[in-house]
Amino acid sequence: MAIENGEWVMRGLSWDSPCRIRSWEELICRIDEVGFLPLFKNEIDGFSAEEHTSGLYWWSGDPEQDPWEWRQLIARSGRVAYGKFFGRKAGFISREWFPHFANWRRDGYDFDSRWDEGLANLRQKRIMDQFSTHEALYSYELKQLAGFGKEGEKNFEGIVTDLQMSGYLLIRDFRQRLNRRGQPYGWPISVYATPETLWGYDHISSAYSEEPAQSREQIYQQVCRCFPAATEETLRAVLEWKK
């Protein structure tokens, strides 16, 4: 995605291309095949959902054709993980590969262990503590419960993004708010959950026996297998997290 002459331009395939991904189910199959897939074009050619879909229906609101709507259906399905995982930008990770991602980005620490070792800050802990009693939370609920806002802690969005980049949170769904009558209204809002709630602790921690550096290397090798033109420089640009 780029801005040209003040307009958003999508770098996708033609509508008639036989290689074009045509549904959210097909996109899940692609994610499962490669393991990792950012939503938008980046430094690695072909390494995005954008480049394998048509630009004609983005942000059209049509769930049959709009990849922006597909991300909501994919997050809701629970078949792959969705969140801000790549350079603080959105993307997908398969169930198979998420344990390696979590082991690498967490540096081998569950969040409680990270806090005990003094490696997490209080704002992160206030957010993560909410998931000890809630399986999932709307973003506005999480913000309120964790004490963020005008009179409270600052940079809620930044902290939540950091926790996604660290492999501790993901976006589980997008839902509208409900009014007093129980009727939905407004734009769909992110619903956050932990990967453990989605797939279970045993699965998420299944790569903990490896050194985080080993998980990192396996991820690099997997992306290189699927995108041979990727260089060390472009891999670092897309996959590394500069904290």
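The dialogue below treats a helix pair and then the salt bridges.

Reply: This is a predicted model, in which local features need pLDDT of at least 70 and side-chain atom pairs count only at pLDDT 80 or more, while totals for chains, interfaces and linings use all residues. Residues are numbered from 1 along each chain as its sequence is written, and side-chain values use heavy atoms, with hydrogens and water left out.

Me: At what angle do the axes of helix 3 and helix 10 cross?

Reply: Two packed helices are described by the angle between their axes and the distance between the axes. Here the axes of helix 3 (residues 98-105) and helix 10 (residues 212-226) cross at roughly 130° and come within 8 Å. Axes are lines fitted to C-alpha atoms, for helices over the stretch in contact, and angles run from 0 to 180 degrees between N-to-C directions. Helices (H or I, at least four residues) and strands (E, at least two) are DSSP runs, numbered from the N terminus. Helix 3 and helix 10 are therefore oblique to each other; angles under 35 degrees count as roughly parallel, over 145 as roughly antiparallel, 65 to 115 as roughly perpendicular and the rest as oblique.

Me: Which residues meet between helix 3 and helix 10?

Reply: Contact means heavy atoms within 4.5 Å. From helix 3, His100, Phe101, Asn103 and Trp104 meet Pro212, Ser215, Arg216, Gln218, Ile219 and Tyr220 of helix 10.

Me: How many salt bridges are found in the whole structure?

Reply: A salt bridge is a side-chain nitrogen of Lys or Arg within 4 Å of a carboxyl oxygen of Asp or Glu. The search of the whole structure finds 12 salt bridges. One of them joins Arg88 to Asp162, with the closest N and O atoms 2.4 Å apart. This pair links distant parts of the chain, 74 residues apart: Arg88 is in the loop between strand 4 (80-86) and strand 5 (89-94), and Asp162 is in helix 7 (residues 156-165).

Me: Is Asp162 buried or exposed?

Reply: Buried means under 20% relative accessible area, exposed over 50%, partly exposed in between (1.4 Å probe, protein chains only). Asp162 counts as buried at 18% relative accessibility, whereas Arg88 is partly exposed at 36%.
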